[in-house]
Amino acid sequence: MKKLIMIALAVCTIQITNAQGPERNRKAMMDLEPEEIATLQTKKMTLALDLNASQQDDIYKINLENAKMRKTQMAERKAKRESGDAAKPTKEERLAMANKMLDHKIEVKAKMKKILNDEQYAKWEKSMAKRQSKMKGKDKKKRDRKKA
């Protein structure tokens, strides 16, 4: 009986630890400077795509630009939330934000196509598609939790 309780306790502990894992990583990334985030992302891409030195430099610039943009957007949202102006955006504002985001994605994709060779680009696109589908799954789970 004692062993059964210990096993159940261990399983519960592991489940709780796994559930907290991704959130901790996200918070840790938020504490980093844009330069540090860009460096980490570039190194991960170097390992995944086998980039040469000039490709690494070009991709670092793109990652740095993206990290700075995300950091400013997060700061703006945080300031709105703290000041109490965090109202839901109107339909027109949502449309404008979606267009801006899609334009940025198209721009990044065009830059990556210039930097990477065909094989690397195909690998990068595949990883981006996988990442996007993973994010959609998280969004769905989040919506389901809110409904419950």
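Reader: How much accessible surface does the protein chain have, and what share belongs to carbon and sulfur atoms?

Author: Accessible areas come from the Shrake-Rupley method with a 1.4 Å probe. Here the surface of the protein chain is about 12600 Å², and 59% of that belongs to carbon and sulfur atoms. Do keep in mind that this is a predicted model, where local features need pLDDT of at least 70, side-chain atom pairs count only at pLDDT 80 or more, and totals for chains, interfaces and linings use all residues. Residues are numbered from 1 along each chain as its sequence is written, and side-chain values use heavy atoms, without hydrogens and water.

Reader: How many helices and strands are there?

Author: Helices (H or I, at least four residues) and strands (E, at least two) are DSSP runs, numbered from the N terminus. This chain has five helices and zero strands.

Reader: Which residues of α4 are buried?

Author: Buried means under 20% relative accessible area (1.4 Å probe, protein chains only). In α4 these are His-104, Val-108, Met-112 and Ile-115. Across the 148 residues of the chain, 16% count as buried.

Reader: What makes up the largest nonpolar core?

Author: In soluble globular proteins, nonpolar side chains tend to be buried together. A nonpolar core is a set of buried Ala, Val, Leu, Ile, Met, Phe, Trp, Tyr and Cys residues joined through side-chain atoms within 4.5 Å. The largest one here has 11 residues, including Met-45, Ile-59, Val-108 and Trp-124. Two or more residues each come from α2 (34-49), α3 (53-83), α4 (91-115) and α5 (118-147); α4 gives the most, with three.

How values were computed: Buried means under 20% relative accessible area, exposed over 50%, partly exposed in between (1.4 Å probe, protein chains only).
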